[in-house]
Amino acid sequence: MKLSHLAVCVIVGLLLAGEAQVSTSLVCNAMELSPCATAIFSAAPPSGACCGKLSQQKPCLCKYLTDPNLRKYINSGNAKRVANACRVPFPKC
C-alpha cells in the first residue's frame, strides 16, 4: 500500500513538472521586444533580432494589448507595420 502511494506521488510530480516546463517555456515580457523599439518609434525597417523576438512573443501580444501602458505602442501604426514586415500576423483579440 505504501509503495502505490509513493508511485502516485511520483507520477503526479512528473506530470506537474511537465506542465511547468510547457507553461514556462514562454515568458511574456514586453522588454523582450526591445530590439523592435527603433522600428516602432521611427520608420526604420525591423531588424532580424526584432522579427525573431516578435515571433517568439506572438502568443503574448493580446496580453500586451490589454495593458494600458503597452497598448498605445503595440496598437500603433508603426507596430502593425513592423509586424507585417516580420510576417507576424497582428492579433485579433
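Student: Is Cys50 buried or exposed?

Tutor: Look at relative accessible area; under 20% counts as buried. In this predicted model, Cys50 has a relative accessible area of 0%, so Cys50 is buried.

Student: What does a disulfide join to Cys50?

Tutor: Cys36, with an S to S distance of 2.1 Å. Cys36 is buried too, at 1% relative accessibility.

Student: Is the disulfide of Cys36 and Cys50 right-handed or left-handed?

Tutor: Read the torsion about the S-S bond. Here the torsion is about 105 degrees, so the disulfide is right-handed. Now take Cys51 and Cys86: their torsion is about -70 degrees, so that disulfide is left-handed.

Student: Where do Cys51 and Cys86 lie?

Tutor: Cys51 lies in helix α3 and Cys86 in the segment after α6 (77–85). The two are 35 residues apart in sequence. Cys51 is buried, at 19%, and Cys86 is buried, at 12%.

Student: Is Cys93 buried or exposed?

Tutor: Exposed, with a relative accessible area of 64%. A disulfide joins Cys93 to Cys62, and Cys62 is partly exposed at 30%.

Student: How many disulfides does the whole structure have?

Tutor: Four. Count bonded cysteines along the chain, and the pattern reads 1-5, 2-3, 4-7, 6-8.

How values were computed. Residues are numbered from 1 along each chain as its sequence is written. This is a predicted model: local features need pLDDT of at least 70, side-chain atom pairs count only at pLDDT 80 or more; totals for chains, interfaces and linings use all residues. Side-chain values use heavy atoms; hydrogens and water are left out. A disulfide is a pair of cysteine sulfur atoms within 2.5 Å. Buried means under 20% relative accessible area, exposed over 50%, partly exposed in between (1.4 Å probe, protein chains only). Helices (H or I, at least four residues) and strands (E, at least two) are DSSP runs, numbered from the N terminus.
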